[in-house]
Amino acid sequence: NPMNTSNISLRLLSLIASVGSFFFLFYRAPEPGLNWFIYALIASILAYYAYKPELKARYLLPAIGVVISGFSVYFNSSNLAIVATLLSFGYLGMSVVAPRLEPGLGMLMGIMNYLMSPFAVLIRFFQGLGKQDKSFKRVIGVLVIPSILLIIFGGLYYQSSTAFKELVDLISWDRLPAILFTLLVGLFISAVLLYAFIPEYTKQHMLSDAKSKELVETMGGKNLSTSWFIGVWTVIILLALVIILDIQQGKSTATYQTYSSHLHQSVYSSIVSIVFAAVLAILTTNYLSEESKSRFKIANTIFLGLNLVFVGLNVWHNSAYIAEFGLTEKRLIIYYYLFLAASGILVTVYSVYRDKSLRYLYRANAFIVYGTVALLTTMNWHRYIASYNLSHPYGKNQLVDYDYLLSLDHSVAPLLLPYEDDMNPSQQERLSHRIDRCERDRYRHDDFRSTCIEVNKINNEIKAYYSNKSKQ
């Protein structure tokens, strides 16, 4: 546990450097941009050196996640990238505390630490004071004593020197709340990186890949293996029937059922089915008697294969839905869910044949989810949606839903400019507002901290469009 480390001075200095760099990069910054990427790099380096003896491999993945998501904020300044960066900070801090911690639990514990870690800093302060650690006392002597003297003599000189009083009065004290807020947020994030902790119960009982003996006993062993085998084949037959009926229904979906309800019902059922199928496959193959392993492997492989077909059917339904009504954020997210479901099935097959535990199955899928989310933050999905819908009009009448496209963020504005004449007056006015917003965003580059690669690209596209239009 890093709370027990003796290297107090290095951690405390890293904390001060982290808070200081956060304040420099974020105080009164107009918009998120390059500052997030720079701070992600600084925080990752500080965390590494503060815990260097304890890190190694477990540091690498969360640090990569922090840097990728931080770069994504610099690249496109999306809300997804910002949220992913904050969660990655929590995961990085927790991964240093607990070895082999998967992203799901790591980010959850990181959120808890966002609230608790500032108190941990104070606790560590008084612990070091009580132990009278030499390195701790040196740091306190360097920082606290000069600060106290500065306050005392600053007050005396303020009253005794007119010139000094005029200088101090030049300070804009109305900015103090913003200063304190920025410092507090920097302390929250820095404390998660450098003073995170996890309950001992969690470390002992939730981070092990070992099979639970209690769960093995609950499964009934070889005494109930025949019953479990019949049960697996029962759900295989049931799922095969569902797939056959779904294929038949899919051919006539448009005549008696909306695409929306059919798709959502099918996707929800598919996801729940796959979760239960994965758990059932691992339990019946790896937690029963050794004598029954081979037959359960075959049965569960068939069962998981049918679930993969079920995922394919939902991809088909979603594609039909998009062809009929266009691409939206929710329909794009469905593809992501289905990708995760298919990945989960493949991981389950591997777990079955490698005799892995349920804990391993959860950890492997958590890493897949985290890795894909980190990569997804690097794309501007609103622009992708707009570009797709403009080049693929939907339905029999080949329509484009400009109202929906105008509800996306202002980064889609340059893509909509060539279609301005096809819009009604209300839509044209909304497009004009988005163009104005893009042009206002140019001024964020006056402060290097808010620089965003895509903002510059968008404004260049707008300039190029109007330049070409004026030449025609």
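In the predicted model, helix H2 (residues 34-50) packs with helix H4 (residues 79-97) at an angle of about 5°, and their axes lie 12 Å apart. Because an angle under 35 degrees counts as roughly parallel, H2 is classed as roughly parallel to H4. On the H2 side, the residues that meet H4 are Trp36, Tyr39, Ala40, Ala43, Ser44 and Ala47. Their counterparts in H4 are Ile82, Thr85, Leu86, Phe89 and Leu92. By class, this contact of H2 with H4 comprises 9 nonpolar and 2 polar residues, with no charged residue.

A second pair of helices has another orientation. The axes of helix H14 (residues 293-325) and helix H15 (residues 329-353) come within 10 Å and cross at roughly 170°. Since angles over 145 degrees count as roughly antiparallel, H14 is roughly antiparallel to H15. The contact of H14 with H15 is made up of 16 nonpolar, 6 polar and 2 charged residues.

As a rule, most residues other than glycine have a negative phi. Arginine 28 has a phi near 55°, which is a positive value in a residue other than glycine. This arginine lies in the loop that runs between helix H1 (8-26) and H2. Serine 77, likewise not a glycine, has a positive phi of about 55°. The position of serine 77 is the loop between helix H3 (57-76) and H4. The relative accessibility of serine 77 is 18%. Serine 77 therefore counts as buried, the cut-off for that class being under 20%.

For the chain as a whole, the secondary structure consists of 21 helices and 0 strands. The chain has 472 residues, of which 44% count as buried. Its accessible surface comes to about 24700 Å². Carbon and sulfur atoms account for 66% of that surface. Contacts were also sorted by separation along the sequence. Among contacts between residues at least 6 apart in sequence, 75% join residues that are at least 24 apart.

Conventions. Residues are numbered from 1 along each chain as its sequence is written. This is a predicted model: local features need pLDDT of at least 70, side-chain atom pairs count only at pLDDT 80 or more; totals for chains, interfaces and linings use all residues. Side-chain values use heavy atoms; hydrogens and water are left out. Axes are lines fitted to C-alpha atoms, for helices over the stretch in contact, and angles run from 0 to 180 degrees between N-to-C directions. Helices (H or I, at least four residues) and strands (E, at least two) are DSSP runs, numbered from the N terminus. Angles under 35 degrees count as roughly parallel, over 145 as roughly antiparallel, 65 to 115 as roughly perpendicular and the rest as oblique. Ala, Val, Leu, Ile, Met, Phe, Trp, Tyr, Cys and Pro count as nonpolar, Asp, Glu, Lys and Arg as charged, and the others, Gly among them, as polar. Contact means heavy atoms within 4.5 Å. Buried means under 20% relative accessible area, exposed over 50%, partly exposed in between (1.4 Å probe, protein chains only). Accessible areas come from the Shrake-Rupley method with a 1.4 Å probe; for residues, only the protein chains shown count as cover.
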